Amino acid sequence: MAALSVFPAAAEPARMPERKAGLWHMTTTMDEGNGAVTQDLTMCVDARMERLTVSASAEEHGKQCARYDIARRGEATVVEMSCQFSGRQVESKTEMSGDFQSAFAVKIESTTSGEQDAQSVSVKRTIQQTGTYLGADCGDLSGGEAKGPDGTRVMVQ
């Protein structure tokens, strides 16, 4: 006879989503109060690199942040953190939605404060990124490599 548990199953902790391996078109818009700047890239996502990037990010933030919370809120993954980087305080909230298999959207709102040239500074930043999966074949791009509309290539992972 099988025993029935009277305890509810433990909820799996929320985790950062990982993009599907392959070619992605990504549009990133950043605004620090001086007008938005938009960048379009085509990027090759390698599954192994994506897993390592997500785990390394969690490890780094775990060490540098007084608060690093990942939660599911409806269909979105929300990350709220309070961290020290290079002597500056960073408070941020990131909302991620989409299936990360065919499309995603990310919005980051952050404030960085601290000292610069003996003066107190505070920078509010909003970053919005959307991604659309283009297919499994990355063509002439290698994993972690991105290409801009002008053909310029950069390693991003």
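This is a predicted model: local features need pLDDT of at least 70, side-chain atom pairs count only at pLDDT 80 or more; totals for chains, interfaces and linings use all residues.
Residues are numbered from 1 along each chain as its sequence is written, and side-chain values use heavy atoms, with hydrogens and water left out.

So, how many disulfides does a search of the whole structure find? The search finds two, taking a disulfide as a pair of cysteine sulfur atoms within 2.5 Å.

Let's take Cys 44 and Cys 138. Their sulfurs sit 2.2 Å from each other, and the link is right-handed, with 85° about the S-S bond. This pair links distant parts of the chain, 94 residues apart: Cys 44 is in strand E2 (residues 37–45), and Cys 138 is in the loop between strand E7 (119–135) and strand E8 (145–147). Strands here are DSSP runs of at least two residues, labelled E and numbered from the N terminus. Both cysteines are buried, meaning under 20% relative accessible area with a 1.4 Å probe, protein chains only.

Now to Cys 65 and Cys 83, joined with an S to S distance of 1.9 Å. Here the angle about the S-S bond is 90°, and the link is right-handed. Cys 65 and Cys 83 are buried.

And the overall pattern? With the bonded cysteines of the protein chain numbered in sequence order, the pairing reads 1-4, 2-3.

Note on methods
Helices (H or I, at least four residues) and strands (E, at least two) are DSSP runs, numbered from the N terminus. Buried means under 20% relative accessible area, exposed over 50%, partly exposed in between (1.4 Å probe, protein chains only).
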